[in-house]
Amino acid sequence: MLTNDLVLKIENLDFGYDKNDLIYKDFNLELKKGELVAITGQSGKGKTTLFELICENLKPLKGKIVSKKVSSIYQDPYSSFHPSHKVLNQILDVVDKNYLDNNLNRLCNELQLNNELLEKKPHQLSGGQLQRCSILRSLLMQPELLLVDEATSALDNIIALEVMQLLIKNLDRCGIVLITHDISLANWSADKIIDLDRLYERV
Ligand SMILES: Nc1ncnc2c1ncn2[C@@H]1O[C@H](COP(=O)(O)OP(=O)(O)OP(=O)(O)O)[C@@H](O)[C@H]1O
């Protein structure tokens, strides 16, 4: 159980795909509602692996991970939608109807999405449009922990900045773990940066 404002607690985590080659060794992380932690590091350092562990797709070799309600936004939005169903149906399937009725228009405006796009199937949208749909769905799910994996890299610069601002605006409701290669984005947005190349924390 997580108390108070904590949305994620990782305690003494050991993990490696090979137990003789650990990616995480005695790793600890606590995140509260309202906080954004950025995970940076070169390719292959274990950023995606951390998300897989938090989502319980992988099991720690040692230690414990506890989180509140998680939603994820991935780099490739086509991987988060079923190709043969309309985007809107794939949002309706996972979102509370009352919350959707009260928030859909506001969020569509903020994400610069028009309703007609939601009536289409994923492959009929551009990567950037579908990514904004994926962000819309995640926010409508009212997560307490939002995992964001390079989600703005498919968007052009201005929209990427606006989307990051929108995510940060939602911080009063959740905590965010952001994977990024963009050090200036990490510096600008994060309360804490974990650099997997060095595994040190800066507050
Ligand atoms: N299913 C798997 N089985 C075995 N090894 C894996 C598996 N998935 C990833 N790895 C290895 O674990 C290490 C960490 O991979 P991970 O995908 O977490 O890195 P990353 O930091 O997210 O990289 P990138 O920035 O390229 O996405 C890499 O060396 C990778 O080859």
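Student: What makes the radius of gyration agree with a compact globule here?

Tutor: Keep in mind that this is a predicted model. A compact globule of 203 residues would have a radius of gyration near 17 Å, and the chain has 17 Å, so the two agree. The C-alpha trace spans about 50 × 35 × 30 Å along its principal axes.

Student: And what share of the residues counts as buried?

Tutor: Of the 203 residues, 33% do. The cut-off is 20 or more other C-beta atoms within 10 Å of the residue's own.

Student: Why is Leu29 called partly exposed?

Tutor: Leu29 has 19 C-beta neighbours inside 10 Å. Buried needs 20 or more and exposed needs 12 or fewer, so a residue in between is partly exposed. That is why Leu29 gets the label.

Student: Where is Leu29 found, and what is it in contact with?

Tutor: Leu29 sits in strand 2. Leaving aside neighbours within four places in sequence, its contacts are Leu8, Ile10 and Val37. Ile10 is also the bridge partner of Leu29. As for Lys68, it is 39 residues from Leu29 in sequence and 14 Å away in space, C-alpha to C-alpha.

Student: How do you know that strand 1 and strand 2 pair?

Tutor: Count the bridges: pairing takes at least two, and six join strand 1 to strand 2, running antiparallel. Strand 1, residues 6–15, is also joined to strand 4 by five bridges, again antiparallel. On that side, Ile10 stands opposite Ile65 and Asp14 stands opposite Lys62.

Student: What is the strand order in that open sheet, and which are the edge strands?

Tutor: The order is 2-1-4, three strands with antiparallel pairing. Strand 2 (24–32) and strand 4 (62–67) are the edges, as each pairs on one side only. From one strand to the next, the twist averages 10 degrees.

Student: Which strands pair in the parallel sense with strand 6?

Tutor: Strand 5, residues 70–73, runs parallel to strand 6 and is joined to it by four bridges; there, Ile73 stands opposite Val148. Strand 7, residues 175–179, pairs with strand 6 in the parallel sense over five bridges, with Ile179 as the bridge partner of Asp149. Both counts, four and five, meet the requirement of at least two bridges.

Student: What makes strand 6 mostly covered?

Tutor: Four of the five residues in strand 6 (residues 145–149) are buried. Each of those four buried residues has to meet the cut-off of 20 or more other C-beta atoms within 10 Å.

Student: Let's zoom out. How many helices and strands does the chain have, and how is it divided into domains?

Tutor: The chain has seven helices and nine strands. Domain 1 takes 1–69 + 143–203, and domain 2 takes 79–140. Their C-alpha centres lie 24 Å apart. The contact between them takes ten residues from domain 1 and ten from domain 2.

Student: Which element gives the most to the side of domain 1 that touches domain 2?

Tutor: Helix 6 (residues 157–169), with three residues. By class, that side of domain 1 has eight nonpolar, one polar and one charged residues.

Student: What share of the contacts joins residues at least 24 apart?

Tutor: It's 71%, taken among contacts between residues at least 6 apart in sequence.

Conventions
Residues are numbered from 1 along each chain as its sequence is written. This is a predicted model: local features need pLDDT of at least 70, side-chain atom pairs count only at pLDDT 80 or more; totals for chains, interfaces and linings use all residues. Helices (H or I, at least four residues) and strands (E, at least two) are DSSP runs, numbered from the N terminus. Axes are lines fitted to C-alpha atoms, for helices over the stretch in contact, and angles run from 0 to 180 degrees between N-to-C directions. The radius of gyration is taken over C-alpha atoms; the globule rule is 2.2 Å times the number of residues to the power 0.38. Two residues are in contact if their C-beta atoms, placed from the backbone, lie within 7 Å. Domain bounds come from an automatic or database domain assignment. Ala, Val, Leu, Ile, Met, Phe, Trp, Tyr, Cys and Pro count as nonpolar, Asp, Glu, Lys and Arg as charged, and the others, Gly among them, as polar.
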